Amino acid sequence: MQVIEVTFEDIRRMRVRGAGRIARAAVRALEEYGLGLDVGKEEFFKKMKEAGEYLKNARPTAVSLPNAVNYVLVNLEREGQNVSQMSVLKEVLKKYCEGFLKRSELAMEKIGSIGSKRIQSGDVILTHCNSEAAMSVILAAHMQKKDIKVFCTETRPRRQGLLTSSRLAKLGVDVTLIVDSAARYFMNKVDSVVIGADAISVNGAVVNKIGTSMLALAAKEARSRFMVAAESYKISPKTFVGELIPIEERPKEEVVSKEWASRNPAVKVANPAFDITPPEYVDLIVTEYGVFPPQGILVLFKEVYGLSEILNQ
Ligand code: RUB
């Protein structure tokens, strides 16, 4: 169970972060764990299920995590049922883990090529946090030699914007780092806000890093386009049956130091890690299957999960 516990802690403590990376880390851990198990078939299924359930609790908001784990476990159980040899069962596990990882990589490339078509030379882009999918769109536009300028928000309290701006600058993109509260000040110059997603609900609402919904408000006012870049496994099937996506509350020490908190015991500190942007504020959702308006995400829902699977949630 060691690889599972280590991965759980890496995700919980945000040594691995970003919804896509979290999903891939969980799948890699399941693969390593399963291939190393020396047990019979029944026990194998039981242990894989336990490991998967455990991993799912590492962070609550990014739906890519349970979706990735379920993808592996459901397929393993379905195809593995008729398999008697453990070596063959492990091959099945490997196939679905590697399959997910490959699909995830491919999705990122496709999102870049599809999303970058919506970026014109001369565009000013604003991005928030550190999203691989959003970066894929921005970098594809840059590779196509489009002349773009990018504003990166700092993204308090964890400052993921420093990662994004540093990477973009190293790859030659014209990038400016701004504090979160400067977003509206610059928004009139911005053609497109490009962000990622931790989860997308059935009505097209987008859950992403705290502050995203404020950017969406500012973008709507300034008539800037609001583009979400997300792999299809960011869609939350449970929202189809009315469940809400939980918003992770992180420790107050991410916002203020322990010393400051002890000197100001009467100050309560709230630190939600994500917020929800309603579909009215989203112009387009770029996935590996193509571009969808938020109101049309149901079509992709059915494509990815199939209606019967959704209804059995
Ligand atoms: C990361 C974040 C990212 C999404 C999408 O939050 O909100 O925008 O996860 O990222 P945190 P990606 O740093 O708290 O994990 O496109 O890489 O999946």
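With a relative accessibility of 21%, Val16 counts as partly exposed, because the buried class ends under 20%. The model is a predicted one. Val16 sits in the loop between helix H1 (2-12) and helix H2 (19-36).

Leaving aside residues up to four places away in sequence, Val16 touches Asp10, Ile11, Arg21, Ile22 and Ala25. Ala26 is ten residues from Val16 in sequence, and the two C-alpha atoms are 10 Å apart in space.

## The ligand site

There are 17 residues around the ligand, and those that come nearest are Arg17, Ser131, Gln160, Asn208 and Lys209. Polar atoms of the protein face oxygen atoms of the ligand in several places. In Gly18, a polar backbone atom is 2.9 Å from a ligand oxygen. In Asp198, a polar side-chain atom lies 3.0 Å from an oxygen atom of the ligand. For Lys209, an N or O atom in the side chain is 2.7 Å from a ligand oxygen.

How much of the ligand's exposed area does the protein bury? Taken alone, the ligand exposes 460 Å², and the protein buries 100% of that.

## The open antiparallel sheet

Three strands form an open sheet in the order S5-S6-S8, with antiparallel pairing. Strand S5 (199-200) and strand S8 (274-277) are at the edges; each has a single partner strand, so one side of each has no neighbour in the sheet.

S5 pairs with strand S6 (residues 206-209) in the antiparallel sense, over two bridges. Ala199 has Val207 in S6 as its bridge partner. Helix H9 (residues 212-222) packs on this sheet and touches S6 and S8. The direction of H9 makes about 35° with that of S8.

## Strand S4 and its parallel partners

Strand pairing also occurs in the parallel sense elsewhere in the model. Strands of a sheet pair through backbone hydrogen bonds, in either a parallel or an antiparallel way. Strand S1 (residues 124-127) runs parallel to S4 and is joined to S4 by two bridges. Ile125 has Ser192 in S4 as its bridge partner. S4 also pairs with strand S7 (residues 225-229) in the parallel sense, over four bridges. Here the bridge partner of Val193 is Phe226 in S7.

Which residues lie on each side of strand S4 (residues 192-195)? In a regular strand, side chains alternate between the two faces of the sheet. Ser192 and Val194 are on one side of S4, with Val193 and Ile195 on the other. These residues are all buried, and both faces of S4 are covered.

Definitions and conventions:
Residues numbered from 1 in each chain as written. Predicted model: local features only at pLDDT ≥ 70, side-chain atom pairs only at ≥ 80, totals over all residues. Heavy atoms only, no water. Pairing = 2+ DSSP bridges. Contact = heavy atoms within 4.5 Å. Axes fitted to C-alpha atoms, helices over the stretch in contact; angles between N-to-C directions. Near = heavy atom within 4 Å. Polar contact = N/O pair within 3.5 Å; in protein donor to acceptor, adjacent residues only side chain to side chain. Areas by Shrake-Rupley, 256 points an atom, 1.4 Å probe, with all protein chains shown as cover. Buried < 20%, exposed > 50% of the residue type's maximum accessible area, 1.4 Å probe, protein only.
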